[in-house]
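User: Please take a close look at the pockets of this model, and keep the account careful.

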Amino acid sequence: MISETTKARFAREVAKYPPDQKQSAVMACLAIVQQEQGHVSPESEAEVAEYLGMPPIAVHEVTTFYNMYNQHKVGKYKLNVCTNLPCQLRDGLKALQHLEQRLGIEMGETTPDGLFTLQQCECLGACADSPVMLVNDRTMCSFMSADKLDQLIDGLRKAEGVA
């Protein structure tokens, strides 16, 4: 399942650590798998574990601990809304509910067109900017009122040529 090209990329990451600490490259290896496959499957986790000489459960713990690893196929735009307590006190949950209604999906689901996956996440470290969300694990969006959420969704749909 994991190609020789991928294993070569793993080797470059492993080389950054002392030989007896190659498991330190687990996050980088999982990121490589996700870049190439779109998500980290249980089979990929097992192969990363074998490559790094780790128990498979240890790799699975990393995959499930961090929001940035997709455990199943996700939409082109992954929307992570912070619902940690400070954000909930500043309408984080309302933002998530608004997106559920607007997109016609529940948290954890993907729109039928494959464009959006909606997730909740733990602290994004921007409590004062709440409600906050992270788009595709890279772009932080702050003060996400219902109007700003609608503008974001409309803008992303327009960029994809979908009205």
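How much space lies in the second largest pocket?

Analyst: About 190 Å³ of space lies in the second largest pocket, where a pocket is an open set of points on a 1 Å grid over the protein atoms alone at which a 1.4 Å probe fits, with protein on both sides within 12 Å along at least five of seven lines, and a volume is the space filled by probe spheres set on the points, joined across faces, edges and corners. Its lining, meaning residues with an atom within 4 Å of a point, comprises 13 residues, of which Tyr66, Asn67, Tyr69, Gln71 and Gln119 are the closest to the centre. This is a predicted model, in which local features need pLDDT of at least 70 and side-chain atom pairs count only at pLDDT 80 or more, while totals for chains, interfaces and linings use all residues. Residues are numbered from 1 along each chain as its sequence is written, and side-chain values use heavy atoms, with hydrogens and water left out.

Helix H4 (56–65) and strand S2 (116–121) each supply at least two residues of this lining, and H4 gives the most, with three; helices (H or I, at least four residues) and strands (E, at least two) are DSSP runs numbered from the N terminus. By class, the lining of the second largest pocket has four nonpolar, nine polar and no charged residues, with Ala, Val, Leu, Ile, Met, Phe, Trp, Tyr, Cys and Pro counted as nonpolar, Asp, Glu, Lys and Arg as charged, and the others, Gly among them, as polar.

For context, the largest pocket has a volume of about 600 Å³, and the lining there has ten nonpolar, eight polar and six charged residues.
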